[in-house]
Amino acid sequence: MGANVILRDGCEIGPNATIQGPAVIGEGCRIFPNAVIGLEAQIVDLPQDSGGVEIGAGTVIRETATIHRSMYQGQNTVIGGKCYIMVGAHVGHDCRVGDETGLVNHCSLGGHVEVGEKCFISNFIGVHQRMQVGEGSILVGPIAVRKDVPPFVKMAGTPFRVVGLNVVGLRRRGVSAQVRADIKRAYKILFNETGTMAQKIEIIEAQAPLGAEIQSVVEFVRNSKNGIYQGRV
């Protein structure tokens, strides 16, 4: 255990786990043997004063998983609460992983990747640096992710593409059949209509109702800097 490591109440730390600070480990986290948290970012010209790691309450980090600290002083790599980080998974510097997200064995997030809440990234998936994965999505590999993944979708195949909605995940969130149909309708506009993404967003916004899930899709697509994966729903 290094300096400047804060363990909240109820944490369990397995043998040979390594934690370097600055790091805050939330209440009730379980860190298994040989996990490595808070080591410096994998950057050749890393600034001497870099940041830390913040892990939310109830998160489980399994054997040999690695989580690197932020490359920027005063900032953190952030893992949300109730996440499950499986054996050998890697979270690079300055990533932000939302609550209740699962990272399966030997998947890897490059630096500055953002993953929304309640996502599931399967084994042997590599997410390229600075990509975004929308909330509630499920990614089935093995594959390299080189674009942004929109919310609430299931991704699979070669080439990698949207193959449907994450219906199971939406049901678990309590999303009604009507709202699921609304999400599907929005994606059909995005994937199938002619015009720019901005124009297609205008079409979606002109339709009622615009609930929280549709707003999430619209804002994600509007703010995407890498382009989104498309396919069918």
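**Entry 1: model and fold.** I worked from a predicted model. I looked up the secondary structure and found 4 helices and 23 strands in the protein chain.

**Entry 2: dimensions.** I checked the radius of gyration of the protein chain, which is 18 Å; this agrees with a compact globule, because 233 residues in such a form would give a value near 17 Å. Along the principal axes, I noted that the C-alpha atoms fill a box of roughly 55 × 40 × 30 Å.

Entry 3: I recorded 48% of the 233 residues as buried. Among contacts with a separation of 6 or more, I found that 34% join residues 24 or more positions apart.

Entry 4: I noted an accessible surface of about 11100 Å², with 47% of it belonging to carbon and sulfur atoms. I then looked up the charges: the protein chain has 23 positive and 21 negative ones, and their mean positions lie 10 Å apart.

**Entry 5: helix 2.** I turned to helix 2, which covers residues 177-192 and has 16 residues. From its first C-alpha to its last, helix 2 reaches 22 Å, close to the 22 Å expected at 1.5 Å a residue.

Which residues of helix 2 are buried? I listed Arg180, Asp182, Ile183, Ala186, Tyr187, Ile189, Leu190 and Phe191. An α-helix has 3.6 residues a turn, so residues three or four places apart point the same way.

Against what do the buried residues of helix 2 pack? I found two strands as partners, strand 22 (153-156) and strand 23 (161-165). I also found helix 1 (167-172), helix 3 (197-206) and helix 4 (212-223).

Technical notes:
Residues are numbered from 1 along each chain as its sequence is written. This is a predicted model: local features need pLDDT of at least 70, side-chain atom pairs count only at pLDDT 80 or more; totals for chains, interfaces and linings use all residues. Side-chain values use heavy atoms; hydrogens and water are left out. The radius of gyration is taken over C-alpha atoms; the globule rule is 2.2 Å times the number of residues to the power 0.38. Buried means under 20% relative accessible area, exposed over 50%, partly exposed in between (1.4 Å probe, protein chains only). Contact means heavy atoms within 4.5 Å. Accessible areas come from the Shrake-Rupley method with a 1.4 Å probe; for residues, only the protein chains shown count as cover. Lys and Arg count as positive and Asp and Glu as negative; His and the chain ends are not counted. The place of a charge is taken as NZ of Lys, CZ of Arg, CG of Asp or CD of Glu. The expected span of a helix is 1.5 Å times one less than its number of residues.
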